[in-house]
Amino acid sequence: MNLTLKVWRQRNANEAGHFETYQAKNVLEDMSFLEMLDVVNEEIIERGEEPIAFDSDCREGICGMCSLVINGIPHGGHKGTATCQLHMRRFKDGETITIEPWRAKAFPLIKDLVVDRTAFDRIIQKGGFISVNTGGTPDGNSIPVPKPAADSAMDAAACIGCGACVAACKNASAMLFVAAKVSHLNLLPQGKAEKDRRALNMVNQMDAEGFGNCTVTGSCEAVCPKEISLEFIAKMNRDYGIAILKGK
Ligand code: SF4
Ligand code: FES
């Protein structure tokens with residue numbers, strides 16, 4: 001396939017950005033989207049120009065680093081698929097593809113397609129953990145976990161922290177991410193001791209980082225590569241409300 005790419009180029013947060021046009025030639029349908037960009041970058045480097053900066057790490061859908069808005073949709077709009085797992089067979093020969101960074105005030109741009117997502121790290125630091133004296137190795141199954149709770153916690157734990165939910169939301173809300181992280185731990189017996197504090201502190205940090213409010217449009221769930229359900233937002237709101245009522 002031969003494709004035309006319109007790529008957002010911006011040297012840093014202080015300079016204005018613009019779309020630059022590149023030709024991607026002889027693209028194989030089995031290439032991932034990032035491999036296609038690697039090949040385009042090789043040609044850019046051969047011309048002595050600055051390659052396109054973009055994030056990636058695992059390239060197998062588990063780290064959450066890849067973060068491209070492809071044709072206006074975070075991760076490209078294929079259900080349950082992160083950018084690194086999007087294959088070029090999804091595109092047609094001759095197509096023009098626009099590629100942009102996540103756009104949200106709480107994710108300031110660093111360069112080209114790379115944004116700073118450390119706001120998510122700071123939210124996790126406020127409660128995305130369990131404080132325990134671990135002692136010796138516990139016997140297997142010594143803490144009974146009800147199957148529905150285990151299943152639901154596992155679904156929430158699938159969140160890879162990519163931030164597509166924020167990028168898709170007209171309010172740049174981080175509710176789906178925070179709800180997944182709060183619920184993952186609050187559902188388990190090991191996480192219950194810090195349940196109230198976790199919900200309060202993580203939500204407060206989310207607000208302090210400048211993420212917007214949730215108006216339940218569902219755009220976050222639609223683009224989430226791990227298909228995290230909106231139901232976790234309802235659950236987090238309940239946990240948060242209970243914590244407020246307890247005056248924690
Ligand atoms: S909820 Fe989904 S879209 Fe949001 S950070 Fe987690 S994996 Fe990414
Ligand atoms: S590069 Fe790790 S999830 Fe895409």
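Which residue in β5 is the bridge partner of Ile70? Keep that question in mind as we walk through this structure, which is a predicted model.

## The sheet

Let's start with the strands. Five of them form an open sheet, and their order across it is β2-β1-β5-β3-β4, with mixed pairing. At the edges sit β2 (18-24) and β4 (73-74), each of which pairs on one side only.

Now back to the opening question. Strand β3 (residues 69-70) and strand β5 (residues 96-100) run antiparallel and are joined by two bridges. The partner of Ile70 in β5 is Ile99.

Helix α1 (residues 33-46) lies across β1 (3-9), β2, β3 and β5. Its direction makes an angle of about 95° with β2.

Next, take a look at helix α3, which covers residues 147-157. Three of its residues, Ala149, Ala153 and Ala156, are buried. If you look down the axis of α3, the buried residues fall within an arc of 60°, so they line one face of the helix.

What do these buried residues pack against? Their neighbours are α5 (175-186) and α8 (231-245). Turn to the other side of α3 and you will find Lys147, Pro148 and Met154, which are exposed.

## Around ligand 1

Helix α5 comes up again here. Together with α4 (164-168), α5 makes up the elements that give two or more residues to the shell around ligand 1.

There are 13 residues around ligand 1, and those that come nearest are Cys159, Cys162, Gly163, Cys165 and Cys224. How does the shell divide into nonpolar, polar and charged residues? It holds 11 nonpolar residues and two polar ones, with no charged residues.

## A glycine in a loop

Our last stop is Gly212, found in the loop between α6 (195-208) and α7 (219-223). Is this glycine buried or exposed? Its relative accessible area is 17%. Buried means under 20%, so Gly212 counts as buried.

Which residues does Gly212 touch? Leaving aside residues up to four places away in sequence, Gly212 touches Asn171, Ala172, Ser173 and Ala174. Asn171 shows how the chain can bring such residues together: Gly212 and Asn171 are 41 residues apart in sequence, while their C-alpha atoms are 4.8 Å apart in space.

Notes. Residues numbered from 1 in each chain as written. Chains lettered and ligands numbered in written order. Predicted model: local features only at pLDDT ≥ 70, side-chain atom pairs only at ≥ 80, totals over all residues. Heavy atoms only, no water. Buried < 20%, exposed > 50% of the residue type's maximum accessible area, 1.4 Å probe, protein only. Helix = DSSP H or I, 4+ residues; strand = E, 2+ residues; numbered from the N terminus. Arc of directions from axis to C-beta. Contact = heavy atoms within 4.5 Å. Pairing = 2+ DSSP bridges. Axes fitted to C-alpha atoms, helices over the stretch in contact; angles between N-to-C directions. Near = heavy atom within 4 Å. Nonpolar A, V, L, I, M, F, W, Y, C, P; charged D, E, K, R; others polar.
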